[in-house]
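Dear colleague,

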Amino acid sequence: MLAEVAITSLRSPDRVPDDPRGVCSGSPGPLWLCAHFPDLSRDVLPLPADRPAAVIETAKGRPLLQATNIWAAGYGLAPGLPLSAAYALCPDLVIAERDPDRERQALERLARCALGFTPWVSLDLAPALLLEVRGSLKLFGGLEVLTSQLMDRLAASGHRAVCAATPSPYASALLARWGREAAVEHVEELRSALGDLPGAALGLDERTHERLLKAGLATLRDLWRLPREGLVRRYGTELLLRLDRAAGLLATPLREFRSPPCFHARFELSSETDRLAYFFPAIEQLLQRLSDFLYERDAGLTRLHLALEHRDRPPTRLKQGSRRPERAAAHFGRLLRERLERLSLPAPVCAVAVSSAALVPWAAVATDLFGQCADEAADWQQLLDQLEARLGPQALKPLVLRADHRPERACGGTAQALAAPSRLAPRPLWLLARPRRVPRGELAVIRPQPERIESGWWDAAGIRRDYHVATDRRGAKLWIYRELERPDRWYLHGLFG
Amino acid sequence: MACSDDCGDLDNSGISYAELHALSNYSFLRGASHPEELVAEAARLGYAALALTDECSLSGMVKAHQEARKQALPLIIGSEFRLEDGFRFVLLATNRAGYGQLSAFITLGRRQAPKGCYRLNREQLAEHPLTDCLAIWLPQAAPVDADGLWLAQRFPGRSWLAVELFLNGGDRQRLAELQALAGRVGLPPVACNDVHMHCRERQILQDTLTAIRLKRPVAELGYALFPNAERHLRPRPRLTRIYPAELLAETMRIAERCRFSLDELRYEYPQELVPEGHSPTSWLRHLTEDGLALRWPDGAPGKVLKQVEHELRLVADMAYEPFFLTVHDVVGFARQRGILYQGRGSAANSAVCYCLGITEVDPGRLDLLFERFISRERDEPPDIDVDFEHERREEVIQYLYRKYGRHRAALAASLTTYRAKSAVRDVAKALGLGLAQVDALAQTLDYWDSSETLATRLREAGLSPDSPTTRRLLSLSQALIGFPRHLSQHVGGFVIAADELSNLVPVENATMPERTVIQWDKDDLEALGLLKVDVLALGMLTAIRKALGYLETSTGRPWSLAAIPPEDPAVYAMLQRGDSMGVFQVESRAQMTMLPRLKPANYYDLVIEIAIVRPGPIQGEMVHPYLARRSGREPVTYPSPAVEKVLKRTLGVPIFQEQVMQLAMVAAGFTAGEADQLRRAMAAWRRRGELDRFEQKLLAGMRARGYTEQFAQQIYKQIRGFGEYGFPESHSASFALLAYASAWLKCHHPAAFVCALLNSQPMGFYAPSQLIQDAMRHSVEIRSLDVRYSDWDCTLEPPEQLHPAVRLGLRLVKGLSWAGAGRIVAARAARPYADVQDLSLRAALDRRDLESLAAADALHGLTGHRRRAFWEAAGVEAPTPLYSEPARDEAVPLLRAPREHEDIVADYASTGLSLRRHPLALLRPRLERLGIRTAQDLWGLRNGTAVRVAGLVLCRQRPQTAAGVTFVTIEDETGHVNLIIWPSTAEAQRKALLQSRILLVAGTVQQEEGVLHLLAGKLNDLGDWLDGLEVQSRDFH
């Protein structure tokens, strides 16, 4: 039996030194490539591409445009414009609120692409990626080639990047943010390369920026020309810090991006088989490895993928979810077995593979003295998982208790958030899926005081009805109603037990 | 309603019934009907009485009272309460004493809680005197016997148990339970209906209000909504099927015990203004006669004496003396303190008020309709508004509080109601529309909108007007518009009670701590005939007093309004040129263009000028006929001598609100009271229909008096056009006095005038920059801000000269603290400042103040150019306690001096004005090369010439009367150009129109009667020619 098991998790190289002294000593220091994504906030949102559209963000309590598309720009809409003004200029504007989560996710996806170009990537200066590329230059045949390949790769994932590379990560970011696709080899050249950038590029608070402008200090060159202590006294240390970082005099601390660990393992069977009893032990073995992998990282799993490979045809793939994070091999084993027992295979299986999908940090579960799970809810969840695995996900539906006056929308009982009326008139346990027209003559109303329900006008299923309790000829107790608009028509809606 | 059991609504054979528990929309976000709607519906259904019982409030009561008077339906005054322990009940007032108790109890609850809330507990209900009130217990789902026993003991023989049934399927059981409970606790059961709306169709709105109140979409509310629409005023036949007869009969026994009407509140006026031995009547006569002697030292003309007699008799008949005496007392205080004031309003312009010194409008000069404010037919008090200097009105208010005590005097409420924008926003949220959509919709309504354009706006916000949600949004918003939202303080309507105010009307907390507000607004007070004095603030009075003060310094003699020479031809000549910037009431763009056409040549022309440039006369199409007749292009004719008498002073064209009423009287036979109802109908925007009721009467009346159908239709059209915008001659007459006074100051003392205007900001139509530009065009020297010379206020240099220069004051510096400015001036008196460090030290200025001064270039005298000033100012550190003088030895780095346009841009950014060249002057060489003309050039061009001009955008307006036309004023270094932009032109160039700070316009010249407009075609934004320039345009006010 040949087993091939591969566990991958990205191993980081040692931290790249970002020490300017290292640069000065003559050896080529790190080179930082910044890939800035000017349209990230817009690209992650479902905005139309053929009409004016903008991303909005609330600042100081009022909505402002954060990004616009080309159509909107044609109407004179620009980032920073209040939404009200934007509507005055372009009444057909489509807007969406900025979504930092999606941006973060997109950036992480892009970072994983960037890992193909260098092992050292940082997301700290979002919405941009910083890549230390000195070590990769040779491999790619120079900065230019690397940059163009990187941009192609990023564009292929749907995001336009502006790239700049300098020995200072901060300087690279400033240039890229300002749309300068520059490459600076040496620290000494940084000042002249950045000199004509406006002070606003430093991203200081608005007030400081205004104060700089008032003294006529518009560009970084203007600032570099002034005495340092004078600047600090007037504008604080933060300004100097940023200037020094931009000039490569100070290191910019960056955190390394790590791709989240994932598990993939495959087991080739010694002979093809379509009998569960023969290939399931292989799965169990893989699950045990997975379980070890999870324990090592103190992680749990809410979904895993199983692939059953066949000769000459695509593998049979199964996704197995779990209601709460799990890491015990036995649990996944039980679930998979439940499903596999019901599965008819298109062909014999020649190999099995298990991979993790969504790793989550493990939340400790209290166990009692004997290692038994003391949390009954956990047991309950495991039971549900098992039921669902056996009956299929469509079969299991939560019993929804909705607060709604309309009987067909409410299943009686109480909702948590809103107090139910303390006395609801008796309702039948069984409601007809669709009320049925009944001839009034065959029924005897036994509760003459109606229950009038007029509600639900806000959706397409509003009702205005008088409900009565009646019996039919056989003595069955029925819940019937008539519409206020058509009082001559009676409908059967429910049966009392 | 096509519901079978609702048939026979109006069957009058049924039993008698009075509704004792009903909420209007003054129980904010609970009730879904106006009080008037409830009353009218109760009357229609043949109810014997209706109790309005808004939750801890009497705010809607006066509206209900007026409607009840009209419908002859007995209205019971009551209120619903919920104690902190959940106990709910209704209190009803049986008589005046009970009303006072109820009002005081509401006050108690409201004063203990933040604005808009109330808080009451069992103990307070036990102790508060409520001997003349009846109580009805509103039992919860599971009532406790103890509560009923407690109430029965607290209100012996005056308490009931409410039985309220709403077809929820368990009515019979509930009825039986409550009847048993009533027996156990000894409270008679009575039928009530917890009414939340006048008709069942309002359920949708009621659900929506609930959603707004609970701040959740209606679809998520579940059982928080009522299950059905039964909480409306149900027809009596239906009630007989729901309640046993004895429960319905019980309502009548309660209603019969409630005999109080709000009408009884009249004549509760303060007494202290009349000295011993005088009655109000004799004292008013005494004061009036004193005044007569003062105004006419040589004896008043007979006509005036006759008028005074007529007025005094009317006032005495209606017992309105306290109004006149109170206002007389207030203005007496102002006069004594040297606070400039002026009365206005129809009553203010009576001969009596002239004698009492309330106003300066000589009744001999005007033919005012005194009947308007007092007529025997209606019970409404006289209308006297008094304007005071806006910076000193607080002194007057404090005087009133001192004189009458805070327990007797309070500001009237101002009722905030739903407008199109707020209604759409709240309804959209209630319907669960996305935040972005709600915002989009509400934001677009910001711009020049009324409820009629709602559908267009919806479409623009991306909502299909035909979708069910949008239709719901529209209809619900329209129903919600006009609903009250909350009470706030009125700007100046003071109510003064004879004794405790809370005995008259409930008082509640306002937003500001220590401020209170009563539950009635001005209209309510007026409707009840309660004593109310309007103490208003007027910026122009402040400016005039300041200007007169400067004249006293320069001329060395005292100045007052009366000392201004009347009817000065030079003043009118100036106005006729449209040279009126800063002049009260006639400085707006529309007025400026009207002045050269109307050419006012005397006081009365000014009265007309002020009234004619209003939406009323414009919509009634009276402007052009008047101008045509005035210029002699059209003959002045009258359809009858009676009409001639009314319209003679306005050449046969009705311009004032009073004339419309008089026309209705002389031409259509209306009584004075009916004419006044007509006036009210004109003002009642909420119910357009009311005016139509008068149409038939008016037309029939005029036909009967032999007027042609055409004339009758024309008059009716004019009345409709007046709508709410008709301007009364009585106000115009008072305003014209101030307009003349300010015009005289501008004409003869432009420096003092502009200085006074600058020191009274914010006020008026124009920003300081435009006022200063205007003054400079009138050869006034304006001196720049300078920390070495400027005071907080703008000053005249030298003050004793007749034509001094104006030194700009530190108040114009954005960001400079008032205290800091004070220290600058104080420390400067000792010795001049040597440098910035000296200044910062001696005036104890922090960096913020110094940087503000640097930004305004007020340090140029100490440092040179403003960038150096800024560098130095920024370097100042707060003195530490150890070292009094922080050591600073640093070289000043080389900073490039700003270029001229940079300085101009910085000037505007800090002070909103610049004394350097006009920004357009900088661009002129470039503009000239492109063949772009100046504002001055346009006057030399022929009508219809195509031309291009460029200027700073000063204001953008789109008046509702102008059918979508946008008016824009631009300014270059030579003057202003008024642009007319047709809707299609504007629509196609929104961006340039709305965003330009410097606008290049291609257009055609239109010149007529001394007025010049440019009909705009292509618009271009030249903003990037002067980078960073920030000019505040006054947009769409």
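Two strands are taken to pair if DSSP finds at least two bridges between them; strands (E, at least two residues) and helices (H or I, at least four) are DSSP runs, numbered from the N terminus. The model is predicted, so local features need pLDDT of at least 70 and side-chain atom pairs count only at pLDDT 80 or more, while totals for chains, interfaces and linings use all residues. Residues are numbered from 1 along each chain as its sequence is written, and chains are lettered from A and ligands numbered from 1 in the order in which they are written.

I begin with a sheet of chain B. Strand β5 (residues 133–137) of chain B runs parallel to strand β6 (residues 159–163) of chain B, and three bridges join them. Within this pair, B:Ile136 has B:Trp160 of β6(B) as its bridge partner. Both strands belong to an open sheet of seven strands with mixed pairing, in the order β1-β2-β3-β4-β5-β6-β7 (chain B). Its edge strands, each pairing on one side only, are β1 (18–22) and β7 (189–191) of chain B. Helix α2 (residues 61–71) of chain B lies across β2 and β3 of chain B and runs at about 155° to β3(B); such angles run from 0 to 180 degrees between N-to-C directions, with axes fitted as lines to C-alpha atoms, for helices over the stretch in contact.

Helix α32 (residues 750–758) of chain B packs with helix α33 (residues 768–777) of chain B at an angle of about 175°, the axes being 10 Å apart. The two are therefore roughly antiparallel, a term for angles over 145 degrees. On α32(B) the contact involves B:Pro750, B:Val754, B:Leu757 and B:Leu758, and on α33(B) it involves B:Pro768, B:Leu771, B:Ile772 and B:Ala775; residues are in contact if their C-beta atoms, placed from the backbone, lie within 7 Å.

Helix α32(B) also lies across β16 and β17 of chain B, at about 20° to β17(B). These strands are part of an open, mixed sheet of three, ordered β15-β17-β16 (chain B). Two bridges join β15(B) to the parallel strand β17 (residues 805–807) of chain B, and B:Ile782 stands opposite B:Val806 in β17(B).

As for chain A, it has 16 helices and 18 strands.

Yours sincerely

How values were computed:
Angles under 35 degrees count as roughly parallel, over 145 as roughly antiparallel, 65 to 115 as roughly perpendicular and the rest as oblique. Two residues are in contact if their C-beta atoms, placed from the backbone, lie within 7 Å.
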